[in-house]
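Colleague: Here is the model. I want to know what stands behind each label you use.

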Amino acid sequence: MVERAVSSRIGRIMARLPYIALGASLILLVAGAQVGVPHEGWWLVALVSAATVAWLLWWTTLHPQWEQDERKMIVFFLGLAGFIYLLIWVSPLFGFFAWSGYILTTYGLKSWRRLAAGTLVAGAGAISQIGGFPSLREPEVLPVFLVVLAINIGIANLMIWLTMWTLEQTERRARMIDELAEANTKLADALRENAGLHAQLLAQAREAGVLDERQRMAGEIHDVLAQGLTGIVTQLEAADAAAARPADWRRHLDNAKGLARESLTEARRSVQALRPQPLDRAGLAEAIGELVTDWSRVQQVVAELITTGTPRVLLPEIEATLLRTAQEALANVARHAGAGRVALTLSYMEDVVTLDVRDDGAGFDPDAPRLVSESGGYGLAAMRERLARIAGSLTVESEPGAGTALSACVPAIAIGAAA
């Protein structure tokens with residue numbers, strides 16, 4: 001804003017300079033006439049001076065908008081050049097006015113036309129510097145005139161080129177300022193819009209957090225309480241059926257007590273959003289191994305775990321998800337499969353870790369709508385949701401009478417790698 005104000009003020013001063021230069025030339029002419037400086041008649045001086053002022057007024061002062069029309073400005077400058085030469089013919093002292101033509105070369109003219117206009121003015125200046133048109137008739141003055149003309153043209157074109165370059169830089173800066181102002185306006189609008197979006201995202205994040213916590217609690221209740229209670233009920237029913245066999249009755253009752261204690265401990269840890277207790281005591285492979293051993297002992301079904309690859313400590317969320325997946329898979333086998341053998345494979349690969357669970361049980365149709373089991377559990381849907389939260393996936397292959405193969409795949413993100 002300050003730069004534009006200064007530029008406008010300079011423009012107004014430059015617009016007045018031709019009138020000032022013409023006035024100064026007239027004063028010099030009057031003073032020079034007192035000491036014998038030759039000139040044409042005063043009536044011609046007044047006529048040409050008045051015509052020059054009228055030409056300037058009409059083309060520049062009274063019609064400033066014509067500056068944008070280069071064709072009109074060419075006509076203006078050709079007429080101005082004619083008046084400059086005419087004034088120098090009247091008196092060489094009007095050479096002081098001739099230099100103002102350099103200023104007006106930038107008024108509406110562009111590129112090479114400015115240089116051509118400067119050359120015209122330089123010729124008039126050279127004539128005035130050698131004493132006017134009468135001096136051109138003297139042969140010995142011609143070499144001097146050519147030297148003076150060359151110097152004038154060289155200096156004039158150099159100054160005009162520098163002026164053109166300066167104006168170009170000024171216009172470029174003005175465009176940059178306009179572009180920056182426009183960019184700042186857009187940025188301010190974007191910041192206001194982003195503030196609104198940020199507030200909206202915060203609200204959505206709070207809602208998503210509440211929903212995610214509800215889903216987590218639902219999954220924990222299913223994985224811990226529902227599975228534990230189902231196991232307890234199964235053991236109590238088995239104990240009731242074995243009432244006539246004291247040893248079996250006692251074993252099923254002890255299993256029910258153990259399941260009740262473990263379920264209570266895990267329920268407390270789930271509410272506090274802690275990792276499963278087995279993972280605090282051992283690594284993932286060992287925790288799943290203990291789970292398989294205990295499940296095989298309680299269910300009286302042959303089960304084994306095979307670990308491949310190099311085990312490494314993964315993020316707690318990933319290890320907890322794989323352990324819960326193993327628990328859910330074994331619970332499903334106990335409730336639905338009627339299997340005689342179960343095999344689990346935990347595979348550590350470069351980018352992923354997979355957990356495969358295979359049984360030789362009754363199997364089922366994976367395309368059938370079984371997202372919610374008959375007992376009220378979440379089943380496969382809960383496993384898929386839990387795996388999806390850590391960018392994992394679940395694949396199920398099964399058919400009636402041919403057993404079931406389940407494969408959970410999760411990213412192998414070790415502790416420290418996420419940072």
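Colleague: Why is R113 called partly exposed?

Modeller: R113 has 24% relative accessibility. Buried means under 20% relative accessible area, exposed over 50%, partly exposed in between (1.4 Å probe, protein chains only). So R113 counts as partly exposed. The model is predicted: local features need pLDDT of at least 70, side-chain atom pairs count only at pLDDT 80 or more, and totals for chains, interfaces and linings use all residues. Residues are numbered from 1 along each chain as its sequence is written, and side-chain values use heavy atoms, with hydrogens and water left out.

Colleague: What does R113 touch, not counting residues up to four places away in sequence?

Modeller: E70 and I74. Contact means heavy atoms within 4.5 Å. R113 and E70 are 43 residues apart along the chain, with 9.9 Å between their C-alpha atoms.

Colleague: What makes R114 buried or exposed?

Modeller: Its relative accessible area is 12%, so R114 is buried. R114 lies in helix α6. Its contacts beyond four places in sequence include T105, I160 and L167.

Colleague: How do you know how α2 and α3 are oriented to each other?

Modeller: Helix α2 (residues 42–61) and helix α3 (residues 70–90) pack at about 165°, axes 10 Å apart. Angles under 35 degrees count as roughly parallel, over 145 as roughly antiparallel, 65 to 115 as roughly perpendicular and the rest as oblique. Therefore α2 and α3 are roughly antiparallel. Among the contact residues are W55 of α2 and F83 of α3.

Notes:
Axes fitted to C-alpha atoms, helices over the stretch in contact; angles between N-to-C directions. Helix = DSSP H or I, 4+ residues; strand = E, 2+ residues; numbered from the N terminus.
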